[in-house]
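I opened this notebook to record what I looked up in the structure shown below.

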Amino acid sequence: MKYDPKKLTYGDALKISTANMTVTVEDENGQHVTGKLKHIGPNDALAGDNLALRDLILLALLTTSNEYFMVCDDDGRILCPAIRFDHDLNVTWNMIISIEENPDDGVELDFADWKATLVKVETPTADEDKTTTDTQAEEWEKQLPKANGFYKAATGSVWLHTGDTWTPILDHHGNVPPHALQQTTEAFAVSSHSKRFPFERLSEKKLPTRPGFYRNKDKTSLYHLNSCGVWKLIAYMGPDFDLQMKDPWDSPLVPVFGGEVVSERRVRNDMPLHYCTLGLKQPKEADCGANF
């Protein structure tokens, strides 16, 4: 059945959530998010991994009589809000832009065939109709990077090289493979020779090492790096909880004081960072032997 994403009723949303269908929404940042539509209750909100979104949804469910549907991944994890109905079941908020039915022919997939097919999508075999000699394989293997790390192939796919194995991280479309199918270095050399060369090594963004205060580019987060190399999130832009009580889905962001230790990965995700003084007094020299 065809559905108009901008003319959905509460009944339509319930049917879509139980059918083999995929919805795509446009989030507040203009990004498209695709997944299954799900009717959310308090227990679903409590099971969410995103703490900020979990608290926002739970607050909305407890303080209003609205009905909420979210986009979830295949494991049921909440990705982002999709559509809201008021107590009269009228649509008051809708971010759904497309609805697609997933074809299902009922044919059981043979894992061995599926695995071979998946590898061939991004892994052209080395002249399948010709015999690959040991000498050819050795020559192709010599052309592969030797150091462990992440590498981008000429096709655009990204691979992790560790020891004698190569594992796909992203295919040439930029999508995460459903299963990481490792290849030995010899097999990877044979499958790569016709298209993947040359390889470009990818390196992690280098974090600043000078102790002090740093803000991200859009000035929504303030970090502090101490002399022990520990990062703390000092302040960030978060929801105004007073306004959330009035309308949990339409409240502006306001400065929120933090102070918790954060991982280097979290800081890298906020790069580029800019060193700043902001007229703030530097904290006392850290004791690197203490627990942060």
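Entry 1, the surroundings of L37. I listed the contacts of L37, leaving out residues up to four places away in sequence, and found A13, I16, S17, V23, F69, M70, A82 and I96. Contact here means heavy atoms within 4.5 Å. I note that the model is predicted: local features need pLDDT of at least 70, side-chain atom pairs count only at pLDDT 80 or more, and totals for chains, interfaces and linings use all residues. Residues are numbered from 1 along each chain as its sequence is written, and side-chain values use heavy atoms, with hydrogens and water left out.

I took a nonpolar core as a set of buried Ala, Val, Leu, Ile, Met, Phe, Trp, Tyr and Cys residues joined through side-chain atoms within 4.5 Å. Buried means under 20% relative accessible area, exposed over 50%, and partly exposed in between, with a 1.4 Å probe and protein chains only. The largest core has 18 residues, and I16, L37, I96 and I99 have the most contacts inside it. Two or more residues each come from helix 1, strand 1 (21–26), strand 2 (32–40), strand 3 (67–72), strand 4 and strand 6 (96–101). Strand 4 gives the largest share, 4 residues. A second, separate core of 12 residues includes A137, W140, A189 and F199. Helices (H or I, at least four residues) and strands (E, at least two) are DSSP runs, numbered from the N terminus.

I found helix 6 (residues 185–192) mostly covered, with 6 of its 8 residues buried. These are T185, F188, A189, V190, S191 and S192.

I counted rings of Phe, Tyr and Trp (its six-membered ring) as paired if their centres lie within 6.5 Å; planes under 30 degrees apart are stacked, over 60 edge-to-face, and the rest tilted. The structure holds 12 such pairs. For Y10 and F85 the centres are 5.4 Å apart and the planes stand at 85°, so this pair is edge-to-face. The pair links distant parts of the chain, with Y10 in helix 1 (residues 10–18) and F85 in strand 4 (residues 78–85), 75 residues apart. Y10 is buried at 18% relative accessibility, and F85 is buried at 0%. Y223 and W231 are also edge-to-face, at 6.3 Å centre to centre and 85° between the planes. Y223 is buried at 0%, and W231 at 2%. Ring pairs also link Y151, W159, W166, F188, F197 and F199 into a cluster.

I traced 5 strands in the order 10-9-8-7-11, with antiparallel pairing. Strand 10 (183–184) and strand 11 (200–202) stand at the edges with a single partner strand each, so one side of each lacks a neighbour in the sheet. Strands pair if DSSP finds at least two bridges between them. Strand 7 (residues 149–152) and strand 11 are joined over 3 bridges in the antiparallel sense, and K152 has E200 as its bridge partner in strand 11.

Is T209 buried or exposed? At 72% relative accessibility, T209 counts as exposed. T209 is found in the loop between strand 11 and strand 12 (212–216). Its C-alpha atom is separated by 9.7 Å from that of C228, 19 residues apart along the chain.
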